[in-house]
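Q: I'd like to learn how to read a model like this one, feature by feature. Could you walk me through it?

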Amino acid sequence: CTPSPCLVRTKFGRVGKKRLACHRSLLGLMLGYVRRGAVRGALSTVRVANIGSPARPPPLVQPAPAVQGRRIDLRGLSTGNRPSKASKESWSFAAEIVGNASLAGKGIRITAGEVLKVIDLAASYAACVHAGHPTCTTLAFDHVELLVPILHGDLLHLDSRVANVGNTSIVVQVVGRKWDLLTRQWIYTLEAFVTFVALGPDKRPTIVPTLETGSEEEEELRAFLQARSLLNEQYEAEQIAMQQPGALDKFTPDAVNKGHNEYVRMKDTTLMLRKNFLPRALNHLGTVFGGDLLEWMDSAAVACASHFTRNPHMITIAMDRVFFHKPIRPTDVLELKAVVAYSRRHCINVEVQVDVLTPPFADKSDEKLAINRSHRGRFHVLSLSEAGYKQPVGIGLSVQDEEERLRYAKASHAFNFWRNQQDTAKSFNRGMYGDGVSHAPWGVQLLS
């Protein structure tokens, strides 16, 4: 018989032309999906390869197993082939005539906050040189002592170098000397260790080069930092142990806090300050500069101590460890709470708590005022007479409830802990504070 014009002979038999056209269209649609999927896989591979992370294979291909013995973090940065830099490559110095020039020659001390600001600036430059980019932010300040007076108009020389590094953190050592006009010598004034974290273009922590230790002095410095780290861990553990139930059952205030004619309750010594910001207080990251924060904390501590003692001649001689937990934006409001936590014969321990208040218009996700704790620090403030000599405080601190007892116990422990560990907490090769040296600062010899 004659085949129908609507049928087509194939190897599977006779099928209708309409059905064959439908099959062809479905087959073409499936092939199109496969082609587009392969193109998308290739494009994704190119895009990923362009940003430096491992390229993803095309679809329908099994991924290759990860290389063993090599760590890759969440940002795709390998820690196996990190570059290395020597400590002398990051060495730098800062030299300034500190304070107000109009007060030079009058024997007036500058505030500790001004010194801490200069330390932060000098240390941050060394950290940025080691990291290879200018985005390093301050993470913590270790225990700092300012026992040698620094007067208005003094020439202060700060040497800074990288002392230790982690994956993303950098520890910078800062040694300060001032020039003595009478003896024509550099006077060893201060030493500080500042920790920074390196940030990438996305403002997240990034890997930093390792540190080469080529000399015996650098190996001793690293061992000293490890011992100091263990000392800080011991200090934190003893502070946390005081918060356990029953830890303060047998605690009583020190004998130095007894026998006064006048007592002031701890909560009545509280001083609260609020501060807004202007663009001049911002750093290159668009957040408030950490040195300015330390200066404001020191000002709050000195003002609180002056109100407690009714003595305007108060000066900060030491600062405990300070951690910066949260960056402060220019739209935030800073709230500082200072309270006298411990009192001795000549010295007062002031605790400063910093809270960040985020207004509703700056954080659209929350309709209320958000309050976040930024950082906390303890400042040891010395009572002086108008002539500049030590003067007894003469006022006792009254402790009445459990919260005040805990705060008093922690402050007493902090004061006695660091006083008993002065030899261990200070660097191994810097001598005593106030020692004079006729040679140039050690950083110049390091490069020679």
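Q: How many bridges join S8 to S9, and which way do the two strands run?
A: First the idea: strands (E, at least two residues) and helices (H or I, at least four) are DSSP runs, numbered from the N terminus. Two strands pair if DSSP finds at least two bridges between them. Here twelve bridges join S8 to S9, and the strands run antiparallel. For instance, Gly-176 has Leu-190 of S9 as its bridge partner. A word on the source: this is a predicted model, where local features need pLDDT of at least 70 and side-chain atom pairs count only at pLDDT 80 or more, while totals for chains, interfaces and linings use all residues. Residues are numbered from 1 along each chain as its sequence is written, and side-chain values use heavy atoms, with hydrogens and water left out.

Q: Which residue in the hairpin of S8 and S9 takes a positive phi?
A: That's Arg-184, with phi near 55° in a hairpin that has four residues between its strands. A positive value there belongs to a residue other than glycine. For accessibility, the cut-offs are buried under 20% relative accessible area, exposed over 50%, and partly exposed in between (1.4 Å probe, protein chains only). Arg-184 has 64%, so it counts as exposed.

Q: Is S9 mostly covered or mostly open?
A: Mostly covered: twelve of its 14 residues are buried. S9 also pairs with strand S5 (residues 136-141), through five antiparallel bridges.

Q: What is the strand order in the open sheet of six strands?
A: Read it as S6-S13-S17-S16-S15-S12, with antiparallel pairing. Strand S6 (144-145) and strand S12 (271-275) stand at the edges with a single partner strand each, so one side of each has no neighbour in the sheet. Further in, ten bridges join strand S15 (residues 333-343) to strand S16 (residues 347-358), again antiparallel. One of the pairs is Leu-334 with Val-356 in S16.

Q: How do I check a helix, say the span of H2?
A: The expected span is 1.5 Å times one less than the number of residues. For the 20 residues of H2 (residues 112-131), that gives 28 Å, and the end C-alpha atoms are 28 Å apart, which agrees. Of those 20 residues, 15 are buried, so H2 is largely enclosed by the rest of the structure.

Q: Which residues have the most contacts inside the largest nonpolar core?
A: General idea first: in soluble globular proteins, nonpolar side chains tend to be buried together. A nonpolar core is a set of buried Ala, Val, Leu, Ile, Met, Phe, Trp, Tyr and Cys residues joined through side-chain atoms within 4.5 Å. The largest one here has 77 residues, and those with the most contacts inside it are Ile-119, Phe-141, Val-172, Leu-334, Val-350 and Val-352. H2 supplies the largest share of this core, eleven residues. Apart from this core lies another, of six residues, including Val-171 and Phe-224.

Q: What does Ile-119 touch?
A: Contact means heavy atoms within 4.5 Å. Leaving out residues up to four places away in sequence, Ile-119 touches Phe-141, Leu-158, Val-174, Leu-190, Ala-192 and Val-194.

Q: How many disulfides does a search of the whole structure find?
A: A disulfide is a covalent bond between the sulfur atoms of two cysteines. The cut-off is a pair of cysteine sulfur atoms within 2.5 Å. The search finds zero. The sulfur of Cys-128 has its closest cysteine sulfur in Cys-136, 4.1 Å away, too far for a bond. Cys-128 is buried, with 17% relative accessibility, and Cys-136 is buried too, with 6%.

Q: Where is Asn-311, and which side chain does its own side chain meet in a polar contact?
A: Asn-311 sits in the loop between H4 and strand S13 (314-319). A polar contact is a pair of N or O atoms within 3.5 Å; within protein, one must be able to donate a hydrogen and the other to accept it, and residues adjacent in sequence count only if both atoms are side-chain atoms. The Asn-311 side chain makes one with the side chain of Ser-383 (3.2 Å). The backbone oxygen of Asn-311 also lies 3.2 Å from a polar side-chain atom of Ser-306. Ser-306 itself belongs to helix H4 (residues 290-309). Asn-311 is buried at 7% relative accessibility, while Arg-310, in that loop, is exposed at 61%.
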